[in-house]
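Please view the sequence and the model together before reading on.

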Amino acid sequence: MSIYVVLALAWIFLSDRLVLSLAHDERTLGLLHSLKGTLFVLCTGVLLYWLIGRDMRRLDRLNHMLLNGNEQSLRALVSAMDVRHKETRDHSERVMRMTVALARLAGLEGDALRNVRFGALLHDIGKLALPDAILVKPGPLTPEEITVMRTHPVLGRDLLMRTAFLRPAIDIPFAHHERWDGTGYPRGLSGEEIPLAARIFSVVDVWDALSFPRVYKPAWPEEDVLDYLRNAAGGQLDPGIVGLFLEHYDDLKAIGLGQATVD
């Protein structure tokens, strides 16, 4: 704003001298002062608009750099988490890419789409608080172990709520194990009570869990995976989102496997 102050002082000093040199009577002097004031207001408005716009663009660039830096840090954390949990290579990145693409097809945009990206990337962040003996157990979990495992959505929500820019992204970590028929956890939500972002992610997550090997199972054949999704529509999964996923399956799969890009 120092530019504005300097220019305003220069305008006042020079314009007063110019007016006095041009005015030969009181009527002319009054007219020139009115004209000078009008021009001052117009020029001030234009200058302030430019200065504020410049500062806003600068803040926007800094905010974008900050978000990119935060996202790169989160990607490194999630990559390490996937290795620790013995997930398939690129698991979190893959489901994030597919979820963002499917969310865009479902009509999400802007901040909602950014929250989907962060939420999908951090969907299992709550598992950081769980013991490896449960996370990488090759056989079935005991009832007690299942109870512990089912705490990870709440743990994930609690972790994200501690960081201001991640709070809007809690829908997926907190609700991706809810089921359309109301038999999921942790809150037993049903139908459209489940946040849309979580319903979108759940379809992608089920596809990914079945399509790739885990420590407790081999990968399923692709047709069996797609049949499972069709049969889960209306029970475990939102039937509308399943239909949208299957309609665009080839494109979404290519995005997930890194054969196509998504913004």
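**Lead points**

Just after helix α10, Gly234 takes a positive phi of about 90°. Most residues other than glycine have a negative phi, and most peptide bonds are trans. This is a predicted model, in which local features need pLDDT of at least 70 and side-chain atom pairs count only at pLDDT 80 or more, while totals for chains, interfaces and linings use all residues. Residues are numbered from 1 along each chain as its sequence is written, and side-chain values use heavy atoms, with hydrogens and water left out.

**Overall make-up**

- The protein chain contains 12 helices and 0 strands; helices (H or I, at least four residues) and strands (E, at least two) are DSSP runs, numbered from the N terminus.
- Of its 263 residues, 40% count as buried, where buried means under 20% relative accessible area, exposed over 50% and partly exposed in between (1.4 Å probe, protein chains only).
- Among contacts with a separation of 6 or more, 62% join residues 24 or more positions apart; a contact means heavy atoms within 4.5 Å.
- The chain has an accessible surface of about 14,700 Å², and 61% of this belongs to carbon and sulfur atoms; such areas come from the Shrake-Rupley method with a 1.4 Å probe, and for residues only the protein chains shown count as cover.

**The largest nonpolar core**

- A nonpolar core is a set of buried Ala, Val, Leu, Ile, Met, Phe, Trp, Tyr and Cys residues joined through side-chain atoms within 4.5 Å.
- The largest such core has 43 residues, of which Leu102, Val116, Leu122, Trp207, Leu229, Leu237 and Phe245 touch the most other members.
- At least two core residues come from each of α2 (26-84), α3 (91-105), α4 (110-121), α9, α10 (222-232), α11 (239-247) and α12 (249-256).
- Helix α9 supplies the largest share of this core, 8 residues.

- Val225, Leu226, Leu229 and Ala232 are buried in α10.
- Seen down the axis of α10, these buried residues fall within an arc of 125°, so they line one face of the helix; the arc is that of the directions from the helix axis to the C-beta atoms.
- The cover over the buried residues of α10 includes α9, α11 and α12.
- Leaving out residues up to four places away in sequence, Leu237 touches Trp180, Ser202, Val203, Val206, Leu229, Ala232 and Val242.

**Asp205**

- Asp205 belongs to helix α9 (residues 196-211), and it counts as buried because its relative accessibility is 16%.
- Its contacts, not counting residues up to four places away in sequence, are with His91, His123 and His176.

**Loop and chain end**

- The peptide bond from Tyr185 to Pro186 is cis, with omega near 10°, and Pro186 lies in the loop between α8 (171-175) and α9.
- Gly258 is in the segment after α12 and counts as exposed, at 51% relative accessibility.
- Although 161 residues separate Gly258 and Arg97 in sequence, they are 8.6 Å apart in space, C-alpha to C-alpha.

**Cavity**

- A search of the whole structure finds 1 cavity of 30 Å³ or more; on a 1 Å grid over the protein atoms alone, a cavity is a set of points where a 1.4 Å probe fits but cannot get out, and lining residues have an atom within 4 Å of a point.
- The largest cavity holds about 50 Å³ of space, a volume being the space filled by probe spheres set on the points, which are joined across faces, edges and corners.
- Its lining includes Trp180, Ser202 and Leu237.

Notes:
On a 1 Å grid over the protein atoms alone, a cavity is a set of points where a 1.4 Å probe fits but cannot get out, and a pocket is an open set with protein on both sides within 12 Å along at least five of seven lines; lining residues have an atom within 4 Å of a point.
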